[in-house]
Each structure stands twice: as structure tokens, then as C-alpha cells.
Amino acid sequence: MELLSSIFSRDNVLFLLAGMRTTIVIAASTILIALFFGTILGLVRNYDHGILGKLSAVYIETFRNTPLILWILAIRFLVPIPAFYSGILSMSVFTTAIMAEVVRGGLNSINKGQFEAAYSQGFGFFQTLRFIIIPQCFKNIVPSLLSQMITTVKDTSFLWAVAIEEFTGKGMILMGRFASSTQVFILFAFMAGMYFIINFTLSSIVRRQNTKGQNLKKPVLVEA
Amino acid sequence: MIKLEHVCKSFGDLEVLKDISLTVEEGEKLVVIGPSGSGKSTMVRCMNFLEEPTAGQVFIDGTELTAKNKNDIVRKNIAMVFQQFNLYPHMTVLQNITLAPIKLQHMSKQDAEKIAYEYLDVVGLRDKAHVYPTTLSGGQQQRVAIARALATKQKIILFDEPTSALDPETVQEVLDVMIQLSRINITMVVVTHEMGFARQVADRILFMDHGAILEEGKPEHFFENPTNERTKAFLSKILK
């Protein structure tokens, strides 16, 4: 009991919670930014056959084929902004590339006939994307998007390498203050548990959306 | 009126259309037949610029179709029905039909739905207005696609093998709807293998092979006294 209260003292819990808050803010910002720019990059790479399409491809392949931690370090040391924003920036530039590929997968799953039907009605390219292609794309990729969100939450733990005090970072600091290895192990287990709870909640949503997505392909009756 | 002048289309080295000139009069029902790979679908797809000709011109009511004005001209004049239906799977039947009228013709949702129900009645699917297309049979999906084409109130409807992807037992329900349409004053260009339909509905039949129009004429002439050897061979194979 004494052991537990030494680990989870009021001060320590508040300290960890502050870290959890940072983790969630960074993860959420990263997901929103990456989703926005990833969608644009995915569209450009898929449909622009000129220089922009090539540039998107270079961007996507560069970040997809290099480790995140490299970019976290590089941006922290090369871009003169506060650590917290540097964290969001490095996570975002990386995750954007991954999201772009997820979006592209969704775009490629759409039948060419959808474009033809839209064009045959007189829709232009951008209208076709907006009303017909993008809605179908996002419906198809909900499961992969949510998986990437889970990965992003876990990826934030890399940020303690540049002394950003997110959840893992705060945990590491606490561990440094503990005297016994038992305390360290218990805290480790607790941190793993916290990540598990957040991500398991997210994956439950994945599973639910997944079944919903399948239902869409099977008969869905909507009452009048 | 649709006018093709010296239209050529190649895909790489493959010459699919060779110097096609053709006029389709307003209100005419034109049926295009021919073996697969003869270029008949490509020709029809040139009429709304789903394929842009490599050479030659396409005129709709005297206006030349260009890459620039195609959306505008198509939106105002031409609808199309596809072999694979190409309904929008993320929308209900009603939304499929009302999308273009609402977004492109700036109709109110209420008016668009009223028209949609009108045409759902024409194709006999009013009770399916709120289901998603994937729940329907092929024949029903194609009838929805026809209602979608009609709801934009175009003068011209292009049909690209509308019954080729259907189960044999649902072909007739689609043909029946098309026969019904043939009585109203719209221009229909129909690529099909359904000879009975061609005979019954066509004002004129074109026979195409190897990217060229080999024979054309009224159904009676066409089926009774074809002059071209290849037409004869094709008909003898298909009319047994």
C-alpha cells in the first residue's frame, strides 16, 4: 500500500495527467493536420500527372521510407520553434505521408465508372471529387484511418527523445526519481495500461465502424 | 442533333475509329450494332466526350464539343446509361436521381424529388426510392440509371450496351422501359446486341466493324436485304 501511494501520490498523478494531456493534444493535432494535408497529397499524387503529382510522390515516399524518430530529432534541432510545436510539426509531416497513402488506397478502390457517370451528367472534375469520389473514399477507408490514428497515439511516445514531456516523457522523469526497481516496474505497467485503454477504445470504434462499413456493401434498408 | 465529322480515335497504336461521319437527327432512335471491338462503344462515348476524338469534330446542336465546353454542353443536352449502371453506391436511389438536378441545374430539393418520383414511376421503382443501389437486382439498377438519365430532362440519351451485364431474365424489363422511352421525343443512340429491340425501336440501324460504319439503313432494309458481306455474316451468326 505504501509502495503504491509512493508511486501514485497526488503530485505524481497530476504530473502524469499533464503528460497524458500533452500526448492527447499532440496526437489529435497531428491526426487533424495529417488528415487534411494527407487527403490533398493523396488526391494530387493520384490525379495530377504533372510536376505536382511527382512532388507529392517524392514527399510521400521520403517520409514513408524513413523512421519517424529521425524526423523528430531533425526538426527539433533544425527548426527553431518551441519543443511542443516541434513535436506536432515532426509528427504531422510524417503522418501526412502515411495518411496520403491511406487516402490513395481509398481512391483506387473506386470504380472508374463513377467518374464516367459523373462526367456524363456534366459534373466537372472537382465537383466529381467532392460529391461522388471523396465521400465514397472516406467511407471505404474508415478502418485504415482509425488504425493509423492508433499508431499516431503510440508514436507520440517517441517525443520523449527530444525532451517533450508527453505521457512517456513524464513517466520517465518519475522513474528517475524512484529508488526501487519495483516502483519502476509498476509504473511501467501502469503506463502500458493507459496506452492500452486509449487505443483499445479507439480500436473498438474501428471494429464497430468496420462492421458498419461491411453493412454498407450488403443490403442496407433505410426507412422512408 | 448530333453530328460527327471525320472522327478518328486511337488508343496508342490501336486505331479504334477510322474517319466516322454521322448525323443523328433530333428525335431519332439510332441503334448501333456490330461485333465486340468494332468501335461502337467508343463512337458513342465520343458523342459526350467521355472519349475525346484524336481527330475530327463532334457537334451538338451545331456547337462544337471541346475539352473546355464539354461539361456545359453535356450538362445541358446529353445523358448516358452505362453497361455497368454506374449508380453512386453511397447514395440512395432518390439521391442518385436528384444529385445532378440539384447540384448542376440548381433545382430545389423538393422539385428535384418530385421529378425523381415521376421517373421512378416510369421505370416502376417508386417503392425503391430510399434503398441503396446495391440492394437492387441488375435490372432494377439499370432502370434506376435510366430514371437518373431522364430526370435531367436531356434531349439526347446515349445507351452503351445497357443490357449486356444483366441476367437474361431481367433483360426484358429494361428493354420494356426503353421501348416505352422510344415513343417520346428524345434522341436515343443505343449500342446493343438485342436484335429484336433494334428491329422494333430503331429508325435507323448502323452496322460497325473495325472502326468503320459498314452499313446503315432502316430496320426492314437492314435485316431483310443487307448489302455488305460482313453485315450478312454477322447477322447470320446472330439471327439463328
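This is a predicted model: local features need pLDDT of at least 70, side-chain atom pairs count only at pLDDT 80 or more; totals for chains, interfaces and linings use all residues.
Chain B holds a four-stranded open sheet with antiparallel pairing. Its strands follow the order E2-E1-E4-E5. Strand E2 (14-24) and strand E5 (63-64) of chain B stand at the edges. Each has a single partner strand, so one side of each is left without a neighbour in the sheet.

Strand E1 (residues 2-11) of chain B takes part in two of the pairings described here. On one side, seven bridges connect E1(B) with E2(B), and the two run antiparallel. Phe11(B) faces Leu14(B) of E2(B) across this pairing. The two strands form a hairpin, with two residues between them. Gly12(B) lies in the turn and has a positive phi of about 65 degrees. E1(B) also pairs with strand E4 (residues 55-60) of chain B. This pairing is antiparallel too, and five bridges make it up. Within it, Leu4(B) stands opposite Val58(B). Cys8(B) has Ala55(B) of E4(B) as its bridge partner.

A helix accompanies this sheet. Helix H1 (residues 40-47) of chain B lies across E1, E2 and E4 of chain B. Its direction is at about 60 degrees to E2(B).

A second open sheet in chain B has six strands, and its pairing is mixed. The order is E6-E7-E8-E3-E9-E10. Strand E6 (78-81) and strand E10 (212-217) of chain B are the edge strands, and each pairs on one side only. On average, neighbouring strands are turned by 20 degrees against each other, direction ignored. Helix H5 (residues 138-151) of chain B packs on this sheet. H5 touches E6 and E7 of chain B. The direction of H5 makes about 180 degrees with that of E6(B).

Ile156(B) is placed opposite Thr187(B) of E8(B).

Chain B also contains a helix-helix contact. Two packed helices are described by the angle between their axes and the distance between the axes. Helix H3 (residues 93-103) and helix H4 (residues 109-122) of chain B have axes that come within 9 Å and cross at roughly 125 degrees. That angle makes H3(B) oblique to H4(B). The crossing is right-handed. From H3(B), the contact draws on Val93(B), Leu94(B), Ile97(B), Thr98(B), Pro101(B) and Ile102(B). H4(B) contributes Lys109(B), Ala112(B), Glu113(B), Ala116(B), Tyr117(B) and Leu120(B). By class, nine of the contact residues are nonpolar, one is polar and two are charged.

Aromatic pairs were also counted. Over all chains, the structure holds 15 of them. One of these joins Tyr47(A) and Phe125(A) in an edge-to-face arrangement. The ring centres are 5.7 Å apart, with 80 degrees between the planes. This pair links distant parts of the chain, 78 residues apart. Tyr47(A) belongs to helix H2 (residues 10-47) of chain A. Phe125(A) belongs to helix H7 (residues 125-155) of chain A.

Note on methods
Residues are numbered from 1 along each chain as its sequence is written. Chains are lettered from A and ligands numbered from 1 in the order in which they are written. Side-chain values use heavy atoms; hydrogens and water are left out. Two strands pair if DSSP finds at least two bridges between them. Axes are lines fitted to C-alpha atoms, for helices over the stretch in contact, and angles run from 0 to 180 degrees between N-to-C directions. Contact means heavy atoms within 4.5 Å. Angles under 35 degrees count as roughly parallel, over 145 as roughly antiparallel, 65 to 115 as roughly perpendicular and the rest as oblique. A crossing is left-handed if the near helix is turned anticlockwise from the far one by less than a right angle, and right-handed if clockwise. Ala, Val, Leu, Ile, Met, Phe, Trp, Tyr, Cys and Pro count as nonpolar, Asp, Glu, Lys and Arg as charged, and the others, Gly among them, as polar. Rings of Phe, Tyr and Trp (its six-membered ring) pair if their centres lie within 6.5 Å; planes under 30 degrees apart count as stacked, over 60 as edge-to-face and the rest as tilted.
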